[in-house]
Amino acid sequence: MRGKHIIVAVSAGIAAYKAIEVVSRLRKKGAEVKVVMTRNATNIASPLTFGEISGHPVALDMFEQVHQWDVEHIALATWADAYVVVPATANVIGKIYAGIADDMLTTTIMATTAPKYICPAMNTEMYNNPITQRNLEGLRSLGYHIMEPAEGWLACGVTGVGRLPEPVAIVEWLEAQLCKTSELEGITVLVTAGGTQENIDPVRYIGNRSSGKMGYAIAEQAVRMGANVILVSAPTSLSVPSGVEFVPVDSALSMQEAVESRYKNVDVVVMAAAVSDFRVLHKAEQKIKKMESMTLELVKNPDILQGLGSHKEHQILVGFAAETEHVIKYGQDKVARKNLDMLVANDVSKSNAGFNVDTNEGYFLYPDKEPKEMANMKKSELAQYIMKEVVELVANKHL
Ligand code: C5P
């Protein structure tokens with residue numbers, strides 16, 4: 001989002017306070033943000049706060065003293081790379097679709113040619129009202145991007161659709177669309193993520209410390225590059241990235257089934273999941289009672305990636321390896337044994353790489369090229385480097 005000019009336009013939904021966090025998150029991602037508010041919205045959230053958080057004066061009135069010599073609504077409209085209405089009330093949605101431009105928000109959105117994003121938030125009945133639905137449909141047909149409201153408890157005391165999604169989800173939705181390129185258009189990328197869980201009994205399992213962050217970051221990056229993305233995920237605490245086909249799994253065997261059944265129609269597989277090497281031989285049907293000691297017999301799980309490598313056709317295979325010593329040597333053995341096109345090898349003995357942290361470092365290894373060393377960086381940044389390599393591999397294979 002670095003350097004992007006974004007207008008956040010706030011109308012008088014009770015969720016207007018959430019727009020403060022949207023502005024803050026956009027700025028943290030490097031965007032420059034200017035805020036426009038309707039008069040009514042100022043009764044719900046303070047323009048002072050928006051001014052402080054955005055670092056720019058808030059545009060409110062058409063006829064107040066101008067901050068600069070350009071006509072302000074036109075200056076704002078041409079400055080914007082994207083225009084986001086958050087929250088968008090039924091009233092504002094209706095006015096925009098009807099072409100009414102009677103305040104700063106409705107005038108600037110009409111005057112801008114930047115892509116427009118609408119985040120509706122209102123009472124369920126108002127949202128389901130055919131008039132609102134017609135207006136949203138109309139805006140959609142004119143190229144406006146409409147975010148689906150969330151379901152949940154609404155300020156009016158009922159539970160239903162119409163809730164403004166959480167700021168983190170709004171920013172993710174914007175990022176997925178604003179930063180989209182076409183490098184992987186037409187390419188299907190399957191990403192696995194998270195740590196598999198092997199049941200012991202109905203309430204216990206054997207798991208690992210994988211957070212899923214690396215795989216989710218790769219899936220998000222692949223969406224940004226225009227790929228069709230299938231995210232096969234073991235349980236994590238992360239929210240599903242927008243724009244992916246999400247396939248939840250739990251054990252190694254269920255992950256294998258999900259991956260193998262889709263393999264034929266997939267161009268790239270990135271196996272970022274931490275797959276359990278073993279599973280419990282005899283799972284208990286009922287919860288196991290306390291006892292002085294017990295022995296679990298484990299059997300080897302299939303190596304999903306090695307299986308894919310053994311019947312690879314057009315696919316590009318990217319694996320991960322968590323090592324504590326001889327990272328390059330052990331990694332290169334894995335590239336050969338699993339028939340990979342690339343391996344991301346991490347030294348997990350370091351506290352700032354690998355499992356359950358936000359950063360990673362290591363080497364990119366290939367069957368036919370020198371290793372590339374990757375410095376310590378955020379997983380989201382490393383995901384960009386990994387997917388850039390994938391773009392090159394796709395180009396070389398003429399997929
Ligand atoms: O051999 P090792 O477990 O170190 O290899 C790690 C890579 O293999 C990762 O990409 C992981 O997702 C994959 N893997 C797998 N099935 C297993 C174990 C690991 O696909 N049973």
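Two strands count as paired here if DSSP finds at least two bridges between them, with helices (H or I, at least four residues) and strands (E, at least two) taken as DSSP runs numbered from the N terminus. The model is predicted, so local features need pLDDT of at least 70 and side-chain atom pairs count only at pLDDT 80 or more, while totals for chains, interfaces and linings use all residues. Residues are numbered from 1 along each chain as its sequence is written, and side-chain values use heavy atoms, with hydrogens and water left out.

On these terms, eight strands form an open sheet with mixed pairing, in the order E12-E11-E8-E13-E16-E17-E18-E19. Strand E12 (244-248) and strand E19 (372-378) are the edges, each pairing on one side only. On average, neighbouring strands are turned by 20 degrees against each other, direction ignored; axes are lines fitted to C-alpha atoms, for helices over the stretch in contact, and angles run from 0 to 180 degrees between N-to-C directions. Within the sheet, strand E13 (268-271) pairs with E16 in the parallel sense over four bridges, and Val-270 has Val-318 in E16 as its bridge partner.

Helix H10 (252-263) lies across strand E8 (188-193), strand E11 (228-233), E12, E13 and E16, and runs at about 170 degrees to E8. H13 lies across E13, E16, strand E17 (342-347), strand E18 (359-365) and E19, at about 140 degrees to E19.

Now to the pockets. On a 1 Å grid over the protein atoms alone, a pocket is an open set of points where a 1.4 Å probe fits, with protein on both sides within 12 Å along at least five of seven lines; lining residues have an atom within 4 Å of a point. Grid points are joined across faces, edges and corners, and a volume is the space filled by probe spheres set on the points.

The largest pocket has a volume of about 1200 Å³. Its lining has 28 residues, of which Lys-29, Glu-175, Glu-220, Arg-224 and Ser-380 are the closest to the centre. By class, the lining holds eight nonpolar, five polar and 15 charged residues (Ala, Val, Leu, Ile, Met, Phe, Trp, Tyr, Cys and Pro count as nonpolar, Asp, Glu, Lys and Arg as charged, and the others, Gly among them, as polar). H9 gives the most to this lining, with six residues.

The second largest pocket has a volume of about 800 Å³. Of its 34 lining residues, Ala-273, Ala-274, Val-275, Phe-320 and Ala-322 are the closest to the centre.

Note on methods. Contact = heavy atoms within 4.5 Å.
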